Amino acid sequence: MQPVRHGACHPVRLAPSGAGNFCPADAALSLPACRPSHAVARLAALEAARGSFEAAHAAVTRRCGPVIGKRQIEQAVVRAAGDIAAFYSACVPLPCTASTLLVISADAKGIVMRPGALRPATAKAAARQGRMRTRLTAGEKPNRKRMATLACVYDAEPAPRRPHDIIAPPGGRHGHRTLRPRPKATAKWLAGSVRHDPADTIAAAFGQAEARDPARRRTWVVLVDGAEHQLGLIRAEADRRGTPVHVVIDLIHVLEYIWKAAWCLHAAGDPAAEDWVAVKALAVLAGDSARAAAEIAAEADAAGLAAALRTGTDACVRYLTTKHEYLRYDQALAAGWPIATGVIEGACRHLIGDRLDITGARRGLEGAEAVLTLRAVIGNGDFDDYWRSTSLASTSGSTPAQHRASTRPAPDLPCAAPQDRRPLSRASRAKPRPPPGLARPHRHHEPGRGQQVAANRRAAPGGRDLRQQALRLRQPPAAPGPGISRDTTASMRHRCAAPAGPSSSRPPRLRPLPRP
């Protein structure tokens with residue numbers, strides 16, 4: 001056996017020789033593998049996912065004192081996000097009926113990174129000298145962002161609708177006809193990564209969908225914004241898994257192209273442009289995107305627009321023509337499928353825009369990945385379950401497999417709050433009064449022991465002070481007084497050390513034992 005010491009706040013304990021830093025008894029003490037306690041690490045992870053690391057450090061300091069630094073918070077957040085993939089791979093989603101839709105959506109958003117965290121192509125473009133030394137010219141990009149890919153999987157009940165439930169006819173709606181409701185997303189699962197390639201994130205989304213529908217009995221709908229790169233990755237992943245999917249392009253992106261064409265054919269601020277867009281959008285929703293594209297091209301030719309003035313119409317015609325197979329909105333509305341990517345667009349704003357898009361901030365790769373994945377877990381509502389499963393397997397010096405094999409069922413002992421390491425004042429040096437029924441600890445009985453371990457030992461089952469019991473065993477048996485037998489003396493000692501019940505009176509206080 002060899003002693004192992006873990007920091008100033010941890011006790012010295014014995015580890016088997018040749019077994020490395022493996023201490024099975026740490027599971028009973030709930031000691032973390034890293035220096036911060038589980039409570040401090042959990043608070044740091046939540047605060048860092050909510051705001052900047054500077055704000056997280058200030059929040060932890062307000063609640064616990066200066067127990068951890070800013071760099072230690074960044075390291076704790078990276079460690080806290082290390083088991084998220086394993087956690088979700090072990091989760092079993094709730095089953096749904098075959099009529100429930102299974103919807104997959106993906107999108108990408110850039111994060112401003114440090115120069116060393118950029119992808120090789122972006123770093124090479126950033127190192128290239130621009131046209132001007134002091135500022136960017138028209139068309140140039142700063143090349144300081146790294147694209148993060150987000151994916152979402154959710155369930156939705158079919159909600160059949162008609163085109164007029166989506167777009168109001170020219171002139172607006174008249175009467176009080178109630179619009180048919182849209183499909184509502186339930187059981188949302190978010191995932192994202194700035195380190196891995198988009199193909200890995202899309203594969204993880206398909207894996208989550210496959211876990212929800214292993215028998216392929218449900219209808220799989222994939223919503224995208226029309227990017228060719230994402231469409232290629234989705235088709236490749238669906239072919240690799242042999243899963244039939246229905247790809248639908250977001251209607252909002254289609255409307256943006258139609259509005260660009262409208263401003264090429266109408267003056268700025270012309271109210272007639274709104275009715276023109278409504279007519280073209282209703283044609284697209286009816287499944288006649290090819291007819292809408294032909295009409296736009298014919299109107300641009302009839303207006304005699306120059307090449308520089310018809311860029312919007314040409315882009316709209318090209319978009320409606322090349323994406324024709326993904327614009328089957330008539331079939332989607334009749335089947336009750338969603339036709340907009342509002343869920344993933346909101347996830348991009350929430351997961352990335354609210355936290356990783358702070359003005360003037362640049363991210364490191366490890367910290368950005370940890371914050372993004374933690375925010376996804378919090379958004380899924382799984383943070384408490386994830387932290388509970390992670391903290392149980394993160395005892396000091398043992399792997400999860402060793403932890404499961406070496407620990408015995410034991411009651412959960414409360415973990416003491418992190419202590420402030422500043423010098424204590426004279427008024428705060430007084431030791432707390434022990435609860436009724438426990439012996440007052442003496443300062444000579446606990447040399448060099450941490451306050452956290454002392455609190456855990458005092459809270460052991462039965463309420464007995466284990467330190468006093470250990471010292472009592474080392475004392476020679478006291479001779480009984482006149483008229484008192486040894487059995488009576490042992491009974492009195494037992495009553496003095498046992499906690500007082502709810503109906504018993506306060507037991508006499510046990511005086512400190514003399515030092516051996």
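Mentor: A residue counts as buried under 20% relative accessible area, exposed over 50%, and partly exposed in between, with a 1.4 Å probe and protein chains only. The model is predicted, so local features need pLDDT of at least 70 and side-chain atom pairs count only at pLDDT 80 or more, while totals for chains, interfaces and linings use all residues. Residues are numbered from 1 along each chain as its sequence is written, and side-chain values use heavy atoms, with hydrogens and water left out.

Trainee: Is N143 buried, exposed or partly exposed?

Mentor: N143 is partly exposed, because its relative accessible area is 25%. The residue lies in the loop between α6 (120-127) and β4.

Trainee: Stepping back, how many helices and strands does the protein have?

Mentor: The protein has 21 helices and seven strands. These are DSSP runs numbered from the N terminus, with helices being H or I of at least four residues and strands being E of at least two. Of the 516 residues, 39% count as buried. A contact means heavy atoms within 4.5 Å; among contacts between residues at least 6 apart in sequence, 74% join residues at least 24 apart.

Trainee: Which strands form the open sheet, and in what order?

Mentor: Five strands form it, in the order β5-β4-β3-β6-β7, with mixed pairing. Its edge strands, β5 (185-193) and β7 (246-249), each pair on one side only. Two strands pair if DSSP finds at least two bridges between them.

Trainee: In what sense do β4 and β5 pair?

Mentor: Strand β4 (residues 145-156) and β5 pair in the antiparallel sense over seven bridges. On the other pairing, β3 and β4 are antiparallel over twelve bridges.

Trainee: Why is β4 described as largely enclosed by the rest of the structure?

Mentor: Ten of the twelve residues of β4 are buried, so the strand is largely enclosed by the rest of the structure.

Trainee: Changing topic, which residues of α9 are buried?

Mentor: In α9, the buried residues are Q230, L231, L233, I234, E237 and A238. Seen down the axis of α9, they fall within an arc of 165°, so they line one face of the helix. The arc is that of the directions from the helix axis to the C-beta atoms. H229, D239 and R240 are exposed on the face turned away from the buried side.

Trainee: What do the buried residues of α9 pack against?

Mentor: They pack against β3 (101-112), α8 (198-212), β6 (220-224) and β7.

Trainee: How far apart are the end C-alpha atoms of α9?

Mentor: They are 20 Å apart, which agrees with the 20 Å that the 14 residues of α9 (residues 228-241) should span at 1.5 Å a residue. The expected span is 1.5 Å times one less than the number of residues. After α9 comes G242, whose phi is positive, near 70°.

Trainee: Now the core: how many residues does the largest nonpolar core have?

Mentor: It has 101 residues, and those with the most contacts inside it are V254, L320 and Y329. Helix α11 (residues 272-285) gives the most to this core, with nine residues. Such a core is a set of buried Ala, Val, Leu, Ile, Met, Phe, Trp, Tyr and Cys residues joined through side-chain atoms within 4.5 Å.

Trainee: What does L320 touch?

Mentor: Not counting residues up to four places away in sequence, L320 touches V254, V284, S289, A292, A293, I296 and L327.
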